[in-house]
Amino acid sequence: MRKPVLLLGVGGLGSRLASKIAKELGCACSIVTDDERCETGGYPTVLINTQSWINPSGRKLRFYAQASVDRIRSLVAGYNTVLILGNLAGKAGIALCPTICNIIRDHQSSVSNQISESTFSSSRSPRQSTPTNDIDVITFLIMPFKFEKSRIFDAGISLRRIRESSGAVVVIDNDAFLDNNPDLTISQCYDLTNQAIFDTISSLYQTEFNVDLNLLSVGRPDRDSVSASAMDSLAMLLDSTDIESVRRTLVYVMGGDRISVGAMNGLVNTVQSIFRKDNLSDVNLMMSNPGHVNVHLLSSIISRTKFDSYDPLSEIIPSRNNLDWDELDCSPEISLDIRNVE
């Protein structure tokens, strides 16, 4: 991850989380939202104007976002790494996260063309400067619960599009967290997943990050031992994918300074007994606030996950066979002045 770094919060949850993390880490932050009441923390904000629509659909919201392309592009200008935080269980995240990723990708393509033209021109005029703006995009996403049936399909499509436009994607599956922790309230679930995102982003300054699709599994901090918390994370991981799909695993031990050496050795041996040794990338001891000790797993996935089934048509019709796949679905305003001819 290269500095300078920008945290870009999308929608309500993404905005709140990004502003909180930015204040803790002291990094830059920007907000893209459609909610006028959204807490922006005073950071630069692009408000998507939905005009007369009170509760527009995701496709309608994506259409109105097209009017803000230049302003969104200006938010990310000058940064080498953009961390996008969004919630694919929410309409704003489903609509805007793929749009923002596409804007950054298209902007880099145009810059690359300018570089080629400048390089050609510099052979004639050596004094001419060459524009550079290579942006690394890492997207953090929260997937919906299984009972949010109306958003499962759209979340699956949005995730596919985001993976194509981002350098790396980190996914927290609320549904897997629910399956392994049915006694938790929704508020407790959100608190734990939000803390896991904060812990992971904080650690990116210290560890190597894997590209493409990564699943972030969350361990509960109220378990009796660090191994029990690790088993929570493993259960959440295996609820979303199978063990053979895991390429590399990074273990985050939050509050690791309070764990005995023997317990840490037992944790490593336990994880290595489940994954192949070459799939265990590293074990990181992360300092955290006083409190419970818990374990998160960040696993790179090389094949299928449960999210592929969210869009069943993709298994029948791959994106390369879709003539209009490059164009995001929108619901434009079309006013037809049709006269009554009798």
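Which residues line the largest cavity? I'll start there. The residues are Leu13, Gly14, Leu17, Leu85, Gly86, Asn87, Phe140, Ile142 and Ile197.

Some ground rules. This is a predicted model, in which local features need pLDDT of at least 70 and side-chain atom pairs count only at pLDDT 80 or more, while totals for chains, interfaces and linings use all residues. Residues are numbered from 1 along each chain as its sequence is written, and side-chain values use heavy atoms, with hydrogens and water left out.

On a 1 Å grid over the protein atoms alone, a cavity is a set of points where a 1.4 Å probe fits but cannot get out; a pocket is an open set with protein on both sides within 12 Å along at least five of seven lines; lining residues have an atom within 4 Å of a point. Grid points are joined across faces, edges and corners, and a volume is the space filled by probe spheres set on the points.

By this rule there are two cavities of 30 Å³ or more. At least two of its lining residues come from each of helix H1 (11–25), strand E4 (81–87) and strand E5 (136–143). Helices (H or I, at least four residues) and strands (E, at least two) are DSSP runs, numbered from the N terminus. By class, this lining has six nonpolar, three polar and no charged residues. Here Ala, Val, Leu, Ile, Met, Phe, Trp, Tyr, Cys and Pro count as nonpolar, Asp, Glu, Lys and Arg as charged, and the others, Gly among them, as polar.

The second largest cavity has a volume of about 30 Å³. Around it are Val171, Asp173, Ala176, Leu215, Leu216, Ser217, Met236, Leu237 and Ser240. Strand E6 (168–173), strand E7 (212–218) and helix H8 (226–240) give two or more residues each to that lining.

Next, helix packing. H1 and helix H7 (residues 186–203) pack at an angle of about 45 degrees, with their axes 11 Å apart. That angle is why H1 counts as oblique to H7. Axes are lines fitted to C-alpha atoms, for helices over the stretch in contact, and angles run from 0 to 180 degrees between N-to-C directions. Angles under 35 degrees count as roughly parallel, over 145 as roughly antiparallel, 65 to 115 as roughly perpendicular and the rest as oblique.

On the H1 side the contact (heavy atoms within 4.5 Å) is made by Leu13, Leu17, Ile21, Glu24 and Leu25, and on the H7 side by Asn194, Ile197, Phe198, Ile201 and Ser202.

The other pair is H8 and helix H9 (residues 261–274), at about 25 degrees and with axes 9 Å apart. These two are therefore roughly parallel to each other. In H8, Val226, Ala230, Met231 and Leu234 meet Ala263, Leu267, Thr270 and Ile274 of H9. That contact has seven nonpolar, one polar and no charged residues.

On to the largest pocket, which holds about 530 Å³ of space. It is lined by 24 residues, and the closest to its centre are Asp34, Asp35, Glu36, Ile54 and Pro56. The lining divides into eight nonpolar, ten polar and six charged residues.

Last, the backbone. Most residues other than glycine have a negative phi, and most peptide bonds are trans. Lys3 and Pro4 are joined by a cis peptide bond, with omega about 0 degrees. Gln51 has a positive phi, near 55 degrees, and lies in the loop between strand E3 (45–47) and helix H2 (58–65).
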